Amino acid sequence: MLDDLFAGSLEDAARRREQLPTAELERIALAQAPALDAAAALHRNDRVHIIAEVKRASPSRGRLAGIPDPAELARQYEQGGASAISVLTEERKFLGSLDDLRAVRAAVEVPVLRKEFIGEEYQILEARAAGADLVLLIVASLTQPQLERLKHFTEQLGMTALIEAHTRDEFARALDVDARVLGVNARDLKTFELHPELFAELAPEYPAGVVRVAESAVLRPRDVRAYRDAGADAVLIGEALVTGSDPAATIKEFRNV
């Protein structure tokens, strides 16, 4: 599934590149206002931070929500106290788009993450041109030279890389490229089973100063509390927010655990 998602995202990026060449996209990206410092925004203070996700669907759960107005949803997230907004831009399985990202960036003042299956610099330029402050880099689908190169390119554009690991080996690889924001995703990308205990196992191995992000397996306040107690600086939440009736209130509840 992960290989298919990456292949599809790269095919879609190639199609867009035919319409907007790299040189022109780079000009647009460099003309944007400077990216916000997402690592600083997500460092733990008195409460755990919430990264709230705009997510219509997923391969494991199918369609979750229509989200006709992603900007309005993002505003509700911000009103509820979200420290950052994650926007799924993958078109085929997650039903997202770069238009969603642009709309959210225009609507909120907190850092915005482009959550996508990124394997080349063009996609990172797209993220910066759309106003993103962070991009997702998934260790499982990148060689170590690719991971290092794409992280460096992200930082050259002034953005932050959220580097995502799903196993202990991937966690170690993320540390080898000096990840500043490092997420542990509880979902096994091969079986789609959830292992929320993985974050607690790896949390003691985070170096000082690295932002500790827990991802997936969050439906109730007690799930956020468990991640917080294990040491998470931030928790990324999608399904529980897009399927609920009051996302702002849900975020407030999650932040107050």
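Helices α2 (residues 22-30) and α6 (residues 121-129) pack against each other at an angle of about 35 degrees, and their axes lie 8 Å apart. The crossing of α2 past α6 is left-handed. On the α2 side, the contact is formed by Thr-22, Leu-25, Glu-26, Ile-28 and Ala-29, which meet Tyr-122, Leu-125, Glu-126, Arg-128 and Ala-129 of α6. By residue class, this contact comprises 6 nonpolar, 1 polar and 3 charged residues. The model described here is predicted.

The strands were examined next. Strands of a sheet pair through backbone hydrogen bonds, in either a parallel or an antiparallel manner. In the present model, 8 strands form a closed barrel in the order β1-β4-β5-β6-β7-β8-β9-β10, and their pairing is parallel. Neighbouring strands of this sheet are turned against each other by 25 degrees on average, direction ignored. One of the residues involved is Val-181, whose bridge partner in β9 is Val-211. Helix α4 (residues 70-80) packs on the sheet, where it touches β1 (49-54) and β4 (84-88). The direction of α4 makes about 165 degrees with that of β1.

The largest pocket has a volume of about 630 Å³. Its lining consists of 35 residues, of which Lys-55, Ser-60, Asn-185, Arg-187 and Ser-216 are the closest to the pocket centre. Two or more lining residues are contributed by each of the elements α1 (2-19), β6 (134-138), β10 (234-237) and α11 (239-242). The lining of the largest pocket divides into 18 nonpolar, 6 polar and 11 charged residues.

The volume of the largest cavity is about 30 Å³. Ser-9, Asp-12, Arg-16, Thr-89, Glu-90, Glu-91 and Glu-116 line this cavity. The cavity lining contains no nonpolar residues, 2 polar residues and 5 charged residues, whereas 18 nonpolar residues are found in the lining of the largest pocket.

Notes:
Residues numbered from 1 in each chain as written. Predicted model: local features only at pLDDT ≥ 70, side-chain atom pairs only at ≥ 80, totals over all residues. Heavy atoms only, no water. Axes fitted to C-alpha atoms, helices over the stretch in contact; angles between N-to-C directions. Helix = DSSP H or I, 4+ residues; strand = E, 2+ residues; numbered from the N terminus. Left-handed = near helix turned anticlockwise from the far one by under 90°. Contact = heavy atoms within 4.5 Å. Nonpolar A, V, L, I, M, F, W, Y, C, P; charged D, E, K, R; others polar. 1 Å grid on protein atoms, 1.4 Å probe; cavity = no way out; pocket = protein on both sides within 12 Å on 5 of 7 lines; lining within 4 Å. Points joined across faces, edges and corners; volume = space filled by probe spheres on them. Pairing = 2+ DSSP bridges.
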